[in-house]
Amino acid sequence: MDPQRSSVVPPFGGGNNTIRAAIMVVVMIVFSGYLFLWVMIPTNPYRLNWLPEIRKQTTSTYFGTIQGATYLMFAFPVLLIAVLGCVYVHLGKKSIDNHTKGEINGNNNNHRLAIWKRPMIIKGLGIVTRIEIAFFIMFIALLIWSFATYMRINFATITPNTAANKGQLVWEVKLDRTSDWLAIVGNIAFVFLFFPVTRGSSVLPLFGLTSEGSVKYHIWLGHIVMTLFTAHSFGYVIYWASVRKLHKLLEWKKTGFSAIAGELSLVAGLILWATTFPRIRRKMFEVFFYTHHMYIPFVVFFIFHVGINYASMMIPGFFLFVIDRYLRFLQSRSNARLLSARVLPCQAVELNFSKTTGLSYGPTSIIFLNVPTISKMQWHPFTVSSSSSLESDTLSVIIKGEGKWSNKLYQLLSSSIDRLNVSIEGPYGPASTDFLRHELLVMVSGGSGVTPFISIIRELIYTSKNMKCKTPEILLITSFKNSNDLTMLDLILPLCGAPSEFPNLDLKIEAYVTREKAAPPKEQENTKIRTVWLKPNPSDAPISPILGPNSYLWLGAIISSSFIIYLIFIGILTRYTIYPVDRNTNKIYSTSSRALLHMLFLCIGIFIAATSAFLTNKSRNAREITSQIQNMEGATPQASPNSSFYYNADRELESLPQQSISQLINLHYGERPDLKKILFERKELSVGVLVCGPKKMRHEVANICSSGLAANLHFESISFGW
């Protein structure tokens, strides 16, 4: 290790790290026990001994004979992990700077796990690491184990005599049971379905994951859930047809399982599922976006179908998702303060928003944008190109016109407009990065894939200038179709706040223009970047953390308090409304009514807790936001775009990035980069290889890094918005 790097010692946070280590131990114990429970559910010891005893001990007039045991075994462990995760992430943010953290914690662990982190390309799964494959295989093994155990135990009790007693054949009884088990096994995947898409999750960071990087797990789980649920449904259709009971398809029983609710849930799920396949999603994104809201009837009718007693096993993940979704709704109700836009000749635009100094985020973070002028419903993710360290009061995103929505945005900003209403959710991203552990960073991008690398470079500019640790060398290999696209490289530096040179940052840029054989004549060049200064409304607010600087502690309070409120309401409901009628038999009070009331009180608990936390932090942030807006009023040019003042300011602002960045660029026309040669020639001990761009490019780089011919290459695929 470099002596300069090894000398970096966190100035504080040792106690925090000890607490975080203790939290992680507790989380691992609870999580292991939770997984062990799912392994044991199909077995006789669980069904005949453990479950009856636990239900006996937890039966009460407040939670009935089933609900208390379900909460204890399936809801409490997950919510405990989520609350502990909030404390863990909060302490991680407070302990040491993200860069230093990545430096200190990254080296040994990552070298030890280097083999397991090597990428693999598997058809149907895409680029995955060996760790992901190992966990995927273990999860599939859990599903197979559960199904096989149910089959072994139950098939042993099915004989010609037992089937004849029901007036059925043996195969019909087995089909009935098999269809049931398919749904039960599908429920295991359903338990984890919503964790990867909870953007502000406190659970994912415990396992080193982000919601953006975990979307593929949501896709895998979704395919498994819908495959098993569809097989379950068709199995029952065949079964009911064979025993001449197709009328059961139209049953909605007062108690027990409701067939119609299950069918409605399946229909919603199939509509959603049909639009998730890559070809449809890419060609018809709007269809995919709108149909994905079918998850609401899918989940609601699923709960009506199985009843709340059974659905409570799957509820925790969805409960955390609803909390996150409601907080995002609250954040998106106000317009963000859009200060300016840099309009590029390559159909790209950089939006510059005001943000509070208390909002910090890591490189490669993502925000979701809504522009009501274009569409009131559509939200699109984009990678943040700014650095919260380098630009303390602004946040920037770069958007390339590659679809209907983004092209309309470019046209709007290219016209003469004074302001633009924009709502924002986020930013979301990694709590920390470990780029400093490498001697060299090789960033490979195609087209707009350069965007996340701009945020990394800006972060490293700040690190090289302000922190006492060595930054890695940077080699940016970027490919564009046309020379106009090269203007995106001028956005590496922000409008303001960046140094005029890179004294401590070793940055080299190899830019390839693939569809042009030579540089165009100067008279044909169109490299002018136009800055559009906007005039926000007084009500437009700087982007701020939805729950303040201690957002994860507030999130932990929301999770715990909202569930407690829900339990109080349900306890009162059960004791004074359901129990006098049902007497804990679960055979009299309507299953659908019970499920509806549970869903209602769950939402009420979330509404009370989350709204209270939001309003408390909103009032605390109001003074800082007001002061910041007043300070910025004089900073925004008030002249019209046609005035000489506007033009001169624009020219002065843009000359610095173009002059300093152009000296670092080595241009190649009419060719593509030989990535294999470039990467294999690097002899540094640790080379971080980051790639963002088209699927073919990502797979090519992944194959190079996984070939085993260069042990010093460490691959990472970067997610970015459209």
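Me: Where does Arg-244 lie?
Reply: Arg-244 lies in the loop between H9 and helix H10 (259-274). Helices (H or I, at least four residues) and strands (E, at least two) are DSSP runs, numbered from the N terminus. The model is predicted, so local features need pLDDT of at least 70 and side-chain atom pairs count only at pLDDT 80 or more, while totals for chains, interfaces and linings use all residues. Residues are numbered from 1 along each chain as its sequence is written, and side-chain values use heavy atoms, with hydrogens and water left out.

Me: Is Arg-244 buried or exposed?
Reply: Arg-244 has 74% relative accessibility and counts as exposed. Buried means under 20% relative accessible area, exposed over 50%, and partly exposed in between (1.4 Å probe, protein chains only).

Me: What is the phi of Arg-244?
Reply: Phi is positive, about 60°, although Arg-244 is not a glycine.

Me: How far apart are the end C-alpha atoms of H9?
Reply: They are 40 Å apart. Helix H9 (residues 215-242) has 28 residues and should span 40 Å at 1.5 Å a residue, which agrees. The expected span is 1.5 Å times one less than the number of residues.

Me: What about Arg-583, where does that lie?
Reply: Arg-583 lies in the loop between H18 and helix H19 (591-633). Its phi is near 55°, a positive value in a residue other than glycine.

Me: Staying with H18, at what angle do H15 and H18 pack?
Reply: Helix H15 (residues 315-331) and helix H18 (residues 551-582) pack at about 120°, with their axes 11 Å apart. That makes H15 oblique to H18. Axes are lines fitted to C-alpha atoms, for helices over the stretch in contact, and angles run from 0 to 180 degrees between N-to-C directions. Angles under 35 degrees count as roughly parallel, over 145 as roughly antiparallel, 65 to 115 as roughly perpendicular, and the rest as oblique.

Me: Which residues make the contact?
Reply: From H15, Phe-319, Leu-320, Ile-323 and Leu-327; from H18, Leu-555, Ile-558, Ile-559, Ser-562 and Phe-563. Contact means heavy atoms within 4.5 Å. By class, the contact of H15 with H18 has eight nonpolar, one polar and no charged residues. Ala, Val, Leu, Ile, Met, Phe, Trp, Tyr, Cys and Pro count as nonpolar, Asp, Glu, Lys and Arg as charged, and the others, Gly among them, as polar.

Me: And H6 with H8, what is the angle there?
Reply: Helix H6 (residues 130-155) and H8 pack at about 150°, with their axes 10 Å apart. H6 and H8 are therefore roughly antiparallel to each other. Their contact has 13 nonpolar, three polar and one charged residues.

Me: Where is Asn-187, and is it buried or exposed?
Reply: Asn-187 is in helix H8 (residues 170-191). Asn-187 is buried, with a relative accessible area of 4%.

Me: What does Asn-187 touch?
Reply: Not counting residues up to four places away in sequence, Asn-187 touches Phe-229, Phe-302, Tyr-310 and Met-314. Asn-187 and Met-314 are 127 residues apart along the chain, and their C-alpha atoms are separated by 7.2 Å.

Me: New topic: which peptide bond is cis?
Reply: The bond from Gly-426 to Pro-427 is cis, with omega near 5°. Pro-427 lies in strand E8 (residues 423-428).

Me: How many helices and strands are in the protein?
Reply: There are 22 helices and 15 strands. Of the 722 residues, 53% are buried.
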